[in-house]
Amino acid sequence: MSTANSGVSVCSNALLMLGAQPINDFTEGNDRARLAANLYPGVRDSLLREHPWSCAIKRVLLAHDVQKPPFGYRFSFTLPADYVRVLSVGDEGESIDYLIEERRILANVTSLKLRYVFQNTDIATYDSLLVNLLELAMAAKMAYAITQSTSMAQYRLQEYQLALRTAKALNGLEYPADTLGNSPLLEERLNG
């Protein structure tokens, strides 16, 4: 299996940034591979949760569960197995009262349109900035364990935080600008 565009390649590049030997597989019998294998899924999922990256957004229509909530809402909807973060519930402009509890969405509707961030594990679908950001996040997370240097850990964390701001801004440019809508009240105020 090629490790190009994989979690292993991300971790290997992070290790190289720290001056350490890269890994070829998460199952290698060394501390670097064990550290990378242990940290990588959590770092990846936290980064995906941090921002609605274009490569990690899905839309689904959920049917309500058979078992209803005991009170408060009439229906519950099981969140998808790859769910990381809700982006919107219902159609654009629609206001649906909902609550998330125990990997379920509670609401008073019989079906639910959900737009969400999913646990995208296919690095090949990531934008190059997001791959770079994931490498920097892994380097920051592994820095002290690999180098035993607090200053290196702080430097890598600052480098990651700066790159995160840039990547969020560039990814945000891919979304259309928000509009104020066609409200009669808004039109009246704008027109005089």
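D82 sits in the loop that runs between β2 (75–78) and β3 (83–89). Keep in mind as you explore that this is a predicted model. The protein has 192 residues, and 38% of them are buried. Its secondary structure comes to five helices and six strands.

- Is D82 buried or exposed? Its relative accessible area is 16%, so D82 counts as buried, the cut-off being under 20%.
- The side chain of D82 makes a polar contact of 2.5 Å with the side chain of K58.
- Setting aside residues up to four places away in sequence, D82 touches K58, Y116, V117, F118 and Q119.

**The whole fold**

**Helix α1 and S12**

- Why can α1 be called largely enclosed by the rest of the structure? Eight of its 11 residues are buried, so the rest of the structure largely encloses α1.
- The buried residues of α1 are G7, V8, S9, V10, C11, S12, A14 and L15.
- What do these buried residues pack against? Their packing partners are α2 (31–50) and α3.
- S12 belongs to helix α1, which covers residues 7–17, and S12 is buried, with a relative accessibility of 7%.
- Not counting residues up to four places away in sequence, S12 touches P22 and I23.
- A polar atom of the S12 side chain lies 2.6 Å from the backbone oxygen of I23.
- S12 and D25 are 13 residues apart along the chain, and their C-alpha atoms are separated by 9.2 Å.
- After α1 comes G19, which has a positive phi, near 80°.

**Cysteines**

- How many disulfides does the structure hold? The count is zero.
- C11 is buried, with 0% relative accessibility.
- C55 is also buried, and its relative accessible area is 17%.

**L106 in strand β5**

- L106 is part of strand β5.
- With a relative accessible area of 8%, L106 falls under 20% and so counts as buried.
- Which residues does L106 contact beyond its neighbours within four places in sequence? They are P69, Y73, F75, S76, D97, Y98, L99 and E101.
- L106 and F77 are 29 residues apart in sequence, and the distance from C-alpha to C-alpha is 6.4 Å.

**The second largest pocket**

- How much space lies in the second largest pocket? It holds about 230 Å³.
- Its lining is made up of D65, Q67, K68, P69, P70, F71, G72, S76, E101, E102, R104 and L106.
- Sorted by class, the lining has four nonpolar, three polar and five charged residues.
- L106 ties this pocket to the previous topic: it is one of the lining residues, and its contacts include P69, S76 and E101, which are among the lining residues too.

**Two loop residues with positive phi**

- R103 lies in the loop between β4 (98–101) and β5 (104–107).
- The phi of R103 is positive, near 60°, in a residue other than glycine.
- R103 is partly exposed, with a relative accessibility of 42%.
- Where is Q148 found? Its place is the loop between α3 (128–147) and α4 (150–172).
- Q148 is another residue other than glycine with a positive phi, near 60°.
- Is Q148 buried or exposed? At 52% relative accessibility, Q148 passes the cut-off of over 50% and so counts as exposed.

Terms used:
Residues are numbered from 1 along each chain as its sequence is written. This is a predicted model: local features need pLDDT of at least 70, side-chain atom pairs count only at pLDDT 80 or more; totals for chains, interfaces and linings use all residues. Side-chain values use heavy atoms; hydrogens and water are left out. Helices (H or I, at least four residues) and strands (E, at least two) are DSSP runs, numbered from the N terminus. Buried means under 20% relative accessible area, exposed over 50%, partly exposed in between (1.4 Å probe, protein chains only). A polar contact is a pair of N or O atoms within 3.5 Å; within protein, one must be able to donate a hydrogen and the other to accept it, and residues adjacent in sequence count only if both atoms are side-chain atoms. Contact means heavy atoms within 4.5 Å. A disulfide is a pair of cysteine sulfur atoms within 2.5 Å. On a 1 Å grid over the protein atoms alone, a cavity is a set of points where a 1.4 Å probe fits but cannot get out, and a pocket is an open set with protein on both sides within 12 Å along at least five of seven lines; lining residues have an atom within 4 Å of a point. Grid points are joined across faces, edges and corners, and a volume is the space filled by probe spheres set on the points. Ala, Val, Leu, Ile, Met, Phe, Trp, Tyr, Cys and Pro count as nonpolar, Asp, Glu, Lys and Arg as charged, and the others, Gly among them, as polar.
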